[in-house]
Protein chains: 2
Amino acid sequence: MTDEHAAQPARPRRQARGRRRIEEILRAAAVVFADRGYDAATTNAIAAEAGISPGSLYQFFRNKDEVAKGLSEYYAERLDELSGTTFAVRVGADPDVGSLVGGLLEQIVAFNRAHPGFKALFSRTDMPAGLRAAVAPVQDALHARVHALISQLLPGVAPDESARVATVAIQLVRGMMPLITEADGDEAEALAAELHRALVGYLSTERGRPGAAP
Amino acid sequence: MTDEHAAQPARPRRQARGRRRIEEILRAAAVVFADRGYDAATTNAIAAEAGISPGSLYQFFRNKDEVAKGLSEYYAERLDELSGTTFAVRVGADPDVGSLVGGLLEQIVAFNRAHPGFKALFSRTDMPAGLRAAVAPVQDALHARVHALISQLLPGVAPDESARVATVAIQLVRGMMPLITEADGDEAEALAAELHRALVGYLSTERGRPGAAP
DNA sequence: CGACAACACGAGCGATCACTCGTATTCTCT
DNA sequence: AGAGAATACGAGTGATCGCTCGTGTTGTCG
């Protein structure tokens, strides 16, 4: 939520009250995005949820896309907190793909449940241009992390191929996440288990030197 | 595009001209949905693309959601044409999952390329309520077909589990399709190959009686 | 305290969009 | 031919929404 290197128009020195407001607005935005989706969410509804006036929202965010950007940066920080424990797994000589993916998936599902607004910003297959631009940096950061992990898992694979594998793995998870988070209890567990199968199956397929087809 | 059993308000007896207009409107809707997405598509833009006035569009469709519904039914018919050749595969005693999935995938990718509006209606993870309702019948029909196929592929699996497998398989494809259709040439091929790996890997994982781990 | 900036308000502006309505033209059926 | 239905037009309506602006309040710093 910190705000580095600004653009040309001098940005205000935030007071403590203002910083609290920003947090509150992002919390409200998450709520509204979560249950109406980004397009249907109105800035007035976000302001109302935050308990402030529409004008006040624009004291802190230039427009709706900037709110989405702020929220996505917030999520990026929350993900960074996980990365120390989750993504920074040291893969040994003989990695157990199943339990590795299992542990990761469990945390990712938990994260999505804990942050219902997350999938409104990240788990969309088609995004309006403004939203896409707002979340792109965070998407890229996530991809870099997953790519690093995949590279360790598939040591012999060329970087551009492992980058593609990372893209695909992320996309598979993104596609399934709405199904999982919207299902209840047992069905959610079962769907998560299916996603686990899919990922493990995917990452375990032969990917050797060209020419070898079993 | 035929129109069965109407609701209570008596529907007009369509003339040949009207039937042609409906086709033209759906074609226009596909174009506009494809390059702006459903939410950003305006009914006036659809009318303009179809070369008619906004009022004329509403001679044939009650509202925007009905246009989406009409288009999704059109796509359903196109998919039905494929089903004779594609989905009605007789699975032998020893099915080759790889080539089966490969053949299917090839046709599905081709279908998505040939019908750019398709993914705007079907490959979204979050849909506005009206759109969801409009495409639900077609989604269900597609699910039934895939489920039938999966049941043949996984003979020992209980119906509710194979239904879930069908849901997951469809979702994996839906998630990947935008990536594939928006990539160009080689990258699209590579991504399709990755999706193929993922599906085959997924459908080939052990799913037997509990307790048996290789 | 004085002054200046940050924060806050909420009515309302301008633009957009789904959809309507009055009217005119074309088709179909007898 | 003539009547009624279907098709066609397009300016316009009502509602929504992102965002602004004038004004007032609170915090900060000397």
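## Helix α5 of chain B

In α5(B), the buried residues (under 20% relative accessible area, with a 1.4 Å probe and protein chains only) are V97(B), L100(B), V101(B), L104(B), L105(B), V109(B), F111(B) and N112(B). Because they cover an arc of only 155° around the axis, they lie on the same side of α5(B); the arc is that of the directions from the helix axis to the C-beta atoms. An α-helix has 3.6 residues a turn, so residues three or four places apart point the same way. The face turned away from the buried side carries E106(B) and A114(B), which are exposed (over 50% relative accessible area).

The helix comprises residues 97-114 of chain B, 18 in number, and extends 25 Å from its first C-alpha to its last, close to the expected 26 Å (1.5 Å times one less than the number of residues). Helices are DSSP runs of H or I with at least four residues, numbered from the N terminus. The cover over the buried residues of α5(B) includes α4 (64-83), α6 (118-122), α7 (129-153), α8 (159-182) and α9 (185-204) of chain B. At the N-terminal end, D96(B) caps α5(B), with a side-chain oxygen 3.1 Å from the backbone nitrogen of G98(B).

## Basis of the model

The model is predicted: local features need pLDDT of at least 70 and side-chain atom pairs count only at pLDDT 80 or more, whereas totals for chains, interfaces and linings use all residues. Residues are numbered from 1 along each chain as its sequence is written, chains are lettered from A and ligands numbered from 1 in the order in which they are written, and side-chain values use heavy atoms, with hydrogens and water left out.

## Surface near DNA strand D

DNA strand D is surrounded by 26 residues, the closest being T43(A), K64(A), R13(B), R14(B) and Q59(B); a residue is near the strand if one of its heavy atoms lies within 4 Å of it. Sugar and phosphate make up 71% of the atoms of DNA strand D that come within 4 Å of the protein. By class, this surface has seven nonpolar, twelve polar and seven charged residues.

Phosphate oxygens of DNA strand D lie 2.8 Å from a polar backbone atom of T43(A), 2.8 Å from a backbone N or O atom of K64(A) and 3.1 Å from a polar backbone atom of S53(B). The elements giving two or more residues to the surface are α2 (43-50) and α3 (54-60) of chain A, with α1 (16-36) and α3 (54-60) of chain B. Of these, α3(B) gives the most, with five residues.

Technical notes
A polar contact is a pair of N or O atoms within 3.5 Å; within protein, one must be able to donate a hydrogen and the other to accept it, and residues adjacent in sequence count only if both atoms are side-chain atoms. Ala, Val, Leu, Ile, Met, Phe, Trp, Tyr, Cys and Pro count as nonpolar, Asp, Glu, Lys and Arg as charged, and the others, Gly among them, as polar. Contact means heavy atoms within 4.5 Å.
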